[in-house]
Amino acid sequence: MSLKITVIGTGYLGATHAAAMAELGFEVLGLDVVPEKIAMLERGETPMYEPGLEELLRRHVAGIEGATGRLRFTTDWAEVGAFGDVHFVCVNTPQKHGEYACDMSYVDSAIASLAPHLHGPALVVGKSTVPVGSAGRLAAYLAEHAPAGADAELAWNPEFLREGFAVQDTLHPDRIVVGVRSERAEKLLREVYAGPVGDGTPFVVTDFPTAELVKTAANSFLATKISFINAMAEVCEAAGGDVARLAEAIGHDDRIGRKFLRAGIGFGGGCLPKDIRAFMARAGELGADQALTFLREIDSINMRRRGQMVEMAREALGGGSFLGRRVAVLGATFKPDSDDVRDSPALNVAGQIHLQGGQVTVYDPKGMANARKVFPTLGYADSALEAARGADVVLHLTEWQEFRELDPVALGEAAADRVLLDGRNTLDPELWRRAGWTYRAMGRPTA
Ligand code: UDX
């Protein structure tokens, strides 16, 4: 008989994981404590924009015409406890307010709510990004509080999905990492992931701390790559070099690789910034803070980029104050193919210029509603062309494909002045220069 799976928490991670598990053929029950979220998912809708996810939901959610019916949702913990052989915990672990450490309250309360309903053998699998040591602590809690005792086991299975590619990354991951304490747990997880593993996905079995650390180490490495190339961009700016050519050239070395070497206004989002900070905080608790002091530098290089973009805009406007100057901002989300504006470098730059008196007009293909919520006092336009109308300078701050396809001639006719600052290094300089624009990018020569 096929395993029954529950997924606790239906944000990016949970909603995608639940739909992917149904796609792999399992009966799945998703739980969230927010009834409105459950109501949306039951209609095959998601609270966030993620390519392909609604299609996947509609293929499986019970009650939707033509769906397999393998995926259901509930707010009832007892139902979850009675249903599942394997319970995936997918709740978020945000940064604590005013601190580097991560807030474990959602994970802790999910385990506390589930434990009393585990009456028989069950495997609880943590997927959230947590400080190393959490799995051991939660395993002890489960053994003590679940009526099934030692039969209610814990495993840790970090998730590496990227926003914008969540469905693809979940169904075809680069690797599956499982931290386990027993053969039974490993066997169950091999059964869950038989599909991707059968297609050749590596399956790495570790202890608890290693599994937890793989996730934070991977995100720290990615953040380091981005800040490294941004540091090189600073040097290129000072020395008159071209960071895009430099990245291309060093990337030809297989040991370095070409990915994640795009210089610009840096990383944001709900993961990389808070994960490297939580990692530093945890290392401090463990007495290993010296090992991660470099991450403080990675963070500060990253945060510095936003201010540097603001200064580049000021300079492009002739220096001095932003007062009364019109600034068009293309992009509000922290990355393309997402509507997520959490810790978005684009919105941060737009906000800084606005707070310094600039008349900022923002356009983003999917992030407008979320941007308006976070920053209601900014100006918003319905298209890139509208945003550029009358602008003294145009800032390209999120690398949407739509912006790569813009017509520089039409935008040039709308703008008051043809000055484009590319904060993502993804537009074609020649195309814009040919249309009469002054094109400037971070870390690249001016002409
Ligand atoms: C990240 C990790 O990639 C993923 O494995 C983990 O599970 C969650 O965190 P995500 O937050 O979706 O995923 O975004 P990612 O694609 O990593 O991009 C992060 C930020 O870095 C974005 O703001 C992006 O614009 C920026 N970035 C990325 C660069 O500035 N330069 C690059 O070369 C690549």
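## Domain organisation

Which domains does the domain assignment of the chain give? In this predicted model, the assignment divides the chain into domain 1, covering 4–206, and domain 2, covering 207–447. The C-alpha centres of domain 1 and domain 2 are 32 Å apart.

Contact between the two domains involves 25 residues of domain 1 and 26 residues of domain 2. On the side of domain 1 that touches domain 2, helix H6 (134–145) and strand S7 (176–179) are the elements that give two or more residues. That side of domain 1 is made up of 16 nonpolar, 8 polar and 1 charged residues.

## The largest nonpolar core

In soluble globular proteins, nonpolar side chains tend to be buried together. The largest nonpolar core of this model holds 128 residues, and those touching the most other members are Ile-8, Val-89, Ala-313, Val-329, Leu-330 and Leu-395. At least three residues of this core come from each of domain 1 (4–206) and domain 2 (207–447).

Val-89 illustrates the contacts made by one of these core residues. Beyond its neighbours within four places in sequence, Val-89 is in contact with Ile-8 and Gly-9, with Val-107, Ala-110 and Ile-111, and with Val-124, Val-125, Gly-126, Lys-127 and Ser-128. Ile-8, a contact of Val-89, is also listed among the core residues that touch the most other members.

## The shell around the ligand

The ligand is surrounded by 19 residues, of which Glu-163, Arg-262, Phe-267, Gly-269 and Cys-271 are the closest. By class, the shell around the ligand comprises 10 nonpolar, 5 polar and 4 charged residues.

Domain 1 (4–206) and domain 2 (207–447) each supply at least three residues to this shell. Helix H10 (residues 208–239) contributes the largest share, 3 residues.

## Annotated active and binding sites

An unreviewed UniProt entry places the feature "active site" at Cys-271, which is also among the closest residues to the ligand. Cys-271 is located in the loop between helix H11 (243–251) and helix H12 (272–285). Cys-271 counts as buried because it has 25 C-beta neighbours inside 10 Å.

The unreviewed UniProt entry also places the feature "binding site" at Phe-160, Leu-161, Arg-162, Glu-163, Lys-215, Phe-260, Leu-261, Arg-262, Ala-263, Gly-264, Gly-268 and Lys-335. These positions span 176 residues in sequence and their farthest two C-alpha atoms are 24.4 Å apart, so they do not all gather at one spot.

Is Leu-161 buried or exposed? Leu-161 is buried, because 20 other C-beta atoms lie within 10 Å. Leu-161 is found in the loop between strand S6 (152–156) and helix H7 (166–171). Leaving aside neighbours within four places in sequence, Leu-161 is in contact with Leu-13, Thr-16, Ala-166, Asp-169 and Thr-170.

Arg-262 lies in the loop between H11 and H12, where Cys-271 is also placed. With 18 other C-beta atoms within 10 Å, Arg-262 is partly exposed. Apart from neighbours within four places in sequence, Arg-262 is in contact with Ile-229, Ala-247 and Asn-425.

## The annotated C-terminal region

Residues 328–429 carry the UniProt annotation "domain: UDP-glucose/GDP-mannose dehydrogenase C-terminal", from an unreviewed entry. Over these residues the chain is 34% helix and 18% strand, and the end C-alpha atoms are 18 Å apart.

Ala-332 is situated in the loop between S9 and H14. Ala-332 counts as buried because 29 C-beta neighbours lie inside 10 Å. The C-alpha atoms of Ala-332 and Ala-384 are separated by 12 Å, with the two residues 52 apart along the chain.

Helix H14 (residues 345–355) is mostly covered, with 9 of its 11 residues buried. The buried residues in H14 are Pro-345, Ala-346, Leu-347, Asn-348, Val-349, Ala-350, Gly-351, Ile-353 and His-354.

The elements covering the buried residues of H14 include helices H13 (293–316) and H15 (368–374), together with strands S9 (326–330), S10 (359–363) and S12 (393–396). Just after H14, Gly-357 adopts a positive phi of about 100°.

Methods. Residues numbered from 1 in each chain as written. Predicted model: local features only at pLDDT ≥ 70, side-chain atom pairs only at ≥ 80, totals over all residues. Core = buried A, V, L, I, M, F, W, Y, C linked by C-beta atoms within 7 Å. Buried ≥ 20, exposed ≤ 12 C-beta atoms within 10 Å, placed from the backbone. Domains from an automatic or database assignment. Contact = placed C-beta atoms within 7 Å. Near = placed C-beta within 6 Å. Helix = DSSP H or I, 4+ residues; strand = E, 2+ residues; numbered from the N terminus. Nonpolar A, V, L, I, M, F, W, Y, C, P; charged D, E, K, R; others polar. UniProt positions renumbered as here; feature names shortened; annotations may be inferred.
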